[in-house]
Amino acid sequence: MKIKQLASFTGVSAKTIRYYEDIGLLPKAKRSGNGYRYYHEQDVTSLKFIRRCKELRIPLADIKRLVVVQGSGNAPCRQVDTIIFQQLEKIRVAQYELEQLERNLKTLANCCDHEQIKDCEILKHLRAN
């Protein structure tokens, strides 16, 4: 299949597919005599795996490691576990930071009942410190 078909099957743009090839996340596609890239069913599977990892916000470097370890059949999956646990911790930290941001914005949103800029409590809080 050509790159447009692969993009259609996987929901990943042709530009991104070429980028993944350039950085070694996907193997270089076979080329025909006319220079078109040709892909196989394994490329669909690989790209769907990568897309799912991206949906989980796993960094490309870690996705690369996951792609590599898949070929290590009987090896322990500690490395996979570590990547997932680290990503989970990053998400927990991000959630905490977003909760703090929400509280701060809520406090600002509720601190002003004035109608004129000169009396605006929100602006006063933002200028403080």
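Buried denotes a relative accessible area under 20%, exposed over 50%, and partly exposed anything in between (1.4 Å probe, protein chains only). The model shown is predicted, so that local features need pLDDT of at least 70 and side-chain atom pairs count only at pLDDT 80 or more, while totals for chains, interfaces and linings use all residues. Residues are numbered from 1 along each chain as its sequence is written, and side-chain values use heavy atoms, with hydrogens and water left out.

View 1. Helices (H or I, at least four residues) and strands (E, at least two) are DSSP runs, numbered from the N terminus. Leaving aside residues up to four places away in sequence, L47 touches L6, T10, V12, I17, Y20 and L26, where contact means heavy atoms within 4.5 Å. In soluble globular proteins, nonpolar side chains tend to be buried together.

**View 2. Packing of α1 against α2.** Two packed helices are described by the angle between their axes and the distance between the axes. The axes of α1 and α2 come within 9 Å and cross at roughly 105°. Helix α1 is therefore roughly perpendicular to α2. From α1, the residues I3, L6 and A7 make the contact, and from α2, A14, I17 and R18. Axes are lines fitted to C-alpha atoms, for helices over the stretch in contact, with angles running from 0 to 180 degrees between N-to-C directions. Angles under 35 degrees count as roughly parallel, over 145 as roughly antiparallel, 65 to 115 as roughly perpendicular, and the rest as oblique.

**View 3. The two sides of α2.** A14, I17, Y20 and E21 of α2 are buried. Viewed down the helix axis, the buried residues of α2 fall within an arc of 120°, so they line one face of the helix; the arc is that of the directions from the helix axis to the C-beta atoms. These buried residues of α2 pack against α1, β2, α3 and α4. K15 and D22 are exposed on the other side of α2. G24, which follows α2, has a positive phi, near 85°.

View 4. R37 and E21 form a salt bridge whose closest N and O atoms are 3.2 Å apart. The pair links distant parts of the chain, with R37 in strand β2 (residues 37–38) and E21 in helix α2, 16 residues apart. R37 is buried, at a relative accessible area of 17%, and E21 is likewise buried, at 3%. A salt bridge is a side-chain nitrogen of Lys or Arg within 4 Å of a carboxyl oxygen of Asp or Glu, and by this rule the count comes to seven.

View 5. K28 pairs with D22 in a salt bridge, the closest N and O atoms being 3.3 Å apart. K28 is exposed, with a relative accessible area of 53%, and D22 is exposed, with 54%. A further salt bridge joins E55 to R52, the closest N and O atoms being 3.4 Å apart. E55 and R52 are three residues apart in helix α3 and thus separated by about one helical turn. E55 is partly exposed at 44% relative accessibility, and R52 is partly exposed, with a relative accessible area of 44%. Salt bridges that share partners join R51, R52 and E55 into one network.

**View 6. The buried side of α4.** D62, I63 and L66 are buried in α4. These residues cover an arc of only 105° around the axis, which puts them on the same side of α4. Cover for the buried residues of α4 includes α3 and α5 (78–109). Exposed residues A61 and V68 are carried on the face of α4 turned away from its buried side.

**View 7. Q87 in α5.** Q87 lies in helix α5 and counts as buried, at 8% relative accessibility. Not counting residues up to four places away in sequence, Q87 touches L56, R57, I58 and P59.
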